[in-house]
Amino acid sequence: MTWQSPRVLGSGDILIARVTMDTTPTVLRLATMIHSLSVVNVTAAFVGILAFHTAVRETRRRFKTTKLRGPPPSSFIFGAGKDILDAPDTGEVYEAWVQEYGVVYEVPLALGKKKVILCDPKAVAHFFAGDTRTYGHTALDKVTLERSVGKGILWAMGEDHRRQRRSMSPAFTYTSIGKLTPVFYNCVYKVKAAWDGIISANGEDSAVIEVSQWMNYLSLDSIGLAGFSHDFGALDGRKAPVTRIFEAFQESSKRNDMSSGVFLLLQVFPMLVYIPSPRMRLVRELHYAMVDVCNAMLDQTKKEKEAGALDGKEKSIIEVLVQAEGTDTAFYATREEALAQMKALLIAAYESSAINLVWALVELARNPEVQTTLREELLTFREDLTYEQLNKGLPYLDAIAHETLRLHPSIPDFERIAEEDDVIPLSEPVHTKTGEVVDCVHVAAGTLIGISTPSINRSAAIWGVDAKKFRPERWIEKDGITKKAQEVQGHRHLLSFGDGPRMCIGKGIALTMFKVVLSVLVKNYVFEMRDGPDTKIEMGRALSVRPKVAGEQGARLPLRVKRYEG
């Protein structure tokens, strides 16, 4: 047998060694067949296999998942997604479906995708208990979190999540948070000085002030100083790159039909987030701006640590991150993780904390009798409130904080995908599509699960007939919290901070800052709706959804602010 040198065929072909033997014709015919396979043929075969695999997986999921009832799709392309997205109050939409289909039901999404919605306290508790293990991030969440904040505590799952949370926890103890209280007072007194100047310049005892932007600045400067020993200077009029980009989000709060369509298709095609758009450009600009400032803060703190300047001091958030970076203990954190934690905290401060404060001011302006009762409680203390008093000595202030969080959660929903087959228990039975009555729901791996925060926090079935009303007294009265609401296992029976392993690590800081800010502002000012008590409030979109006065550009919320003269 004699071998000849192989010849190189065209691109996409193969190398064939000619063999001079009696089988040459057979070998040549085989070579011709392989040669005829084009890239298109191979691609088509691959797509076919992938489609078959997807179909088998979907068939298995549908076969193993309880066949739940639910609303019909209103659109062939978008399912019921547009109904939810276009609703003034998504919580009311989900609650209406509860009344029709039961505490667990299925909602059709874009292109035939479906999501199981949980509105039952027992089911919700089971879901959160399995968060990071049985239930994980969707493909969309993984992409968006990585692009916006990075692979930090919000992105991580399983053991990585537990390690990152342990590495951060020393900065969020009761004692550590108490040390931050003076920082919050310094920031809110800057707001007071500025508002006094605005009112004086107006020549009257009051002025119309756009409170939303002020709460943004206050929250950003507070977390910068308290968490990272960095002054962004937003309250002093300085426009850091991070501040400018945050403001750009707030000025472009409208969503058009095209962006709505893309948003609804993202769950099916997560890679659509890479399509260039003004909003995604802002997201990337914010990411790079935060990386720059966070790197600078980490480097500065590391130099101070090496010089011994931090020894003996209470550990701040950034000191804890620097200490964890690169260590060989179970509390280690990488540089990428440290940056991600800082970015997440900055966004949480500017968005969630500020939104909570704005909603509180709106509700106090809408409910003057509640505002008066709070002011009377606060005025019994002449000096600024201590950290211990903020936590234990002011029941009405605490009630207003939690009633604001209940009625206006800054996190609209939680969405996860089942990583494995599971059985979700229910506190009350539901009817399936086949008419069967079940007290648990079987879900297969790959099932999309969702929880609407406002529909749980404001459910009449859970919180009583006055669930939609701002009534702080419910937190003080003996039987103010219904037995059904007590089954919700989140912080103070709310889902505003989530629950389970992923419960917001910064909730103590958020509540302390909220109470400090409100205590100073309500003692010194009276708040009224600019256009009277019937002023319409609607939801605008900045980086997240936030309240605005109807008709105002962007996400602005002007209130009439009067000096309190006593």
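First, a term: contact means heavy atoms within 4.5 Å. With that in hand, take tryptophan 195. Not counting residues up to four places away in sequence, tryptophan 195 touches Ile209, Val211, Trp214, Met215, Leu521, Tyr525, Phe527 and Val561.

Now the ground rules. This is a predicted model, where local features need pLDDT of at least 70, side-chain atom pairs count only at pLDDT 80 or more, and totals for chains, interfaces and linings use all residues. Residues are numbered from 1 along each chain as its sequence is written, and side-chain values use heavy atoms, with hydrogens and water left out.

Confidence next. pLDDT is the predictor's confidence in each residue, from 0 to 100. The chain's mean is 87, and 85% of its residues reach 70 or more. Over residues 1-24, pLDDT stays under 50. For that stretch the model has 22 contacts beyond four places in sequence. Where pLDDT is low, the predicted coordinates should not be read in detail.

The overall picture. The chain has 21 helices and 12 strands. These are DSSP runs, numbered from the N terminus: helices are H or I with at least four residues, strands E with at least two. Of the 566 residues, 50% are buried. Buried is under 20% relative accessible area, exposed is over 50%, and partly exposed is in between, with a 1.4 Å probe and protein chains only. Among contacts with a separation of 6 or more, 71% come from residues 24 or more positions apart.

Which residues have the most contacts inside the largest nonpolar core? They are Leu118, Trp195, Met215 and Leu518, in a core of 150 residues. Helix α15, residues 335-366, gives the largest share of this core, 19 residues. By nonpolar core I mean a set of buried Ala, Val, Leu, Ile, Met, Phe, Trp, Tyr and Cys residues joined through side-chain atoms within 4.5 Å.

On to the sheet. Two strands pair if DSSP finds at least two bridges between them. An open sheet of three strands runs in the order β4-β12-β9, with antiparallel pairing. Its edge strands, β4 (206-210) and β9 (525-529), each pair on one side only. On average, neighbouring strands here are turned by 35 degrees against each other, direction ignored. β4 and β12 (residues 558-563) share five bridges. Alanine 207 has valine 561 in β12 as its bridge partner.

Two helices pack on this sheet. α9, residues 181-202, touches β4, β9 and β12, and its direction makes about 125 degrees with that of β4. α15 touches β9 and β12, at about 80 degrees to the direction of β9. For those angles, axes are lines fitted to C-alpha atoms, for helices over the stretch in contact, and angles run from 0 to 180 degrees between N-to-C directions.

Then a hairpin. Three residues join β10 to β11. β10 (residues 537-541) and β11 pair in the antiparallel sense over five bridges. Glutamate 538 stands opposite lysine 548 in β11. In β11, residues 545-549, four of the five residues are buried.

Last, the rings. There are 14 aromatic pairs. Rings of Phe, Tyr and Trp (its six-membered ring) pair with centres within 6.5 Å; planes under 30 degrees apart count as stacked, over 60 as edge-to-face, the rest as tilted. Why is the pair of tryptophan 97 and tyrosine 105 edge-to-face? Because the planes stand at 80 degrees, with the ring centres 6.1 Å apart. Tryptophan 97 and tyrosine 105 are both buried.
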